[in-house]
Amino acid sequence: MSAAEGRPRCRWGGGGEAVLRARAEAAGYRRLLRARAAEVEALRGAVGALHRQLEGLRDRRSGELAKYQERVAELEREIGAAEAEMARCLREYPALLRLRMALEAEIAAYREMLESEELRLGGLAPP
């Protein structure tokens, strides 16, 4: 009887070597599975950190957006006030122009009266 014949045969037909190979392969797959599970957990942690970072950025941008919107509203109010002031000035301008023209005419009339009075007094003054 040969050595192979003296060993009891496994009912799967491959004997102990096949079982050892199957166990080794299963152990390799378990190691691979643990490694992949660890990678998945690490990636979940990274995803969670990125989500928190994104939320922080959103909150910060939301605050900045509100600040900029308030500044825009403030500038729009200032523009409205400046436009109202300009409209008031444009309404007052014709009246001020008429007043200026009337004052210039009055000054010209007084100047003419003063010059004629100077001529009259100048002719009477002793040499």
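Select Arg 77 and Glu 70 and show their side chains. They meet in a salt bridge, at 3.3 Å from N to O. The term salt bridge stands for a side-chain nitrogen of Lys or Arg within 4 Å of a carboxyl oxygen of Asp or Glu. Side chains of opposite charge can pair when their charged atoms come close. Glu 70 is partly exposed, with a relative accessible area of 44%. Here buried means under 20% relative accessible area, exposed means over 50%, and partly exposed lies in between, with a 1.4 Å probe and protein chains only.

A word on the model before you move on. It is predicted: local features need pLDDT of at least 70, side-chain atom pairs count only at pLDDT 80 or more, and totals for chains, interfaces and linings use all residues. Residues are numbered from 1 along each chain as its sequence is written, and side-chain values use heavy atoms, with hydrogens and water left out.

Next, select Arg 71 and Glu 74. Their side chains form a salt bridge at 2.8 Å, N to O. Both residues lie in helix 2, three residues apart, about one turn of the helix. Helices are DSSP runs of H or I with at least four residues, strands are runs of E with at least two, and both are numbered from the N terminus. Arg 71 is partly exposed at 40% relative accessible area. Glu 74 is partly exposed too, at 29%.

Go to Glu 55 and Arg 58. Another salt bridge joins their side chains, 3.1 Å from N to O. These two also lie in helix 2, three residues apart. Glu 55 is partly exposed at 39%, and Arg 58 is partly exposed at 48%.

Now pick Glu 85, Arg 88 and Glu 92. A network of salt bridges links them. The structure holds ten salt bridges.

Which residues form a nonpolar patch on the surface? Select Leu 96, Leu 99, Leu 103 and Ile 107: together they have about 380 Å² of accessible area. Patches take residues with over 30% relative accessible area and no salt bridge; like charges are joined within 9 Å, nonpolar side chains (Val, Leu, Ile, Met, Phe, Trp, Tyr) within 5 Å. Leu 103 sits in helix 2, residues 15–124, and is partly exposed at 44%.

Finally, zoom out. The protein has two helices and zero strands. Buried residues make up 2% of its 127 residues. It exposes about 11600 Å², with carbon and sulfur atoms supplying 62% of that area. Accessible areas come from the Shrake-Rupley method with a 1.4 Å probe; for residues, only the protein chains shown count as cover.
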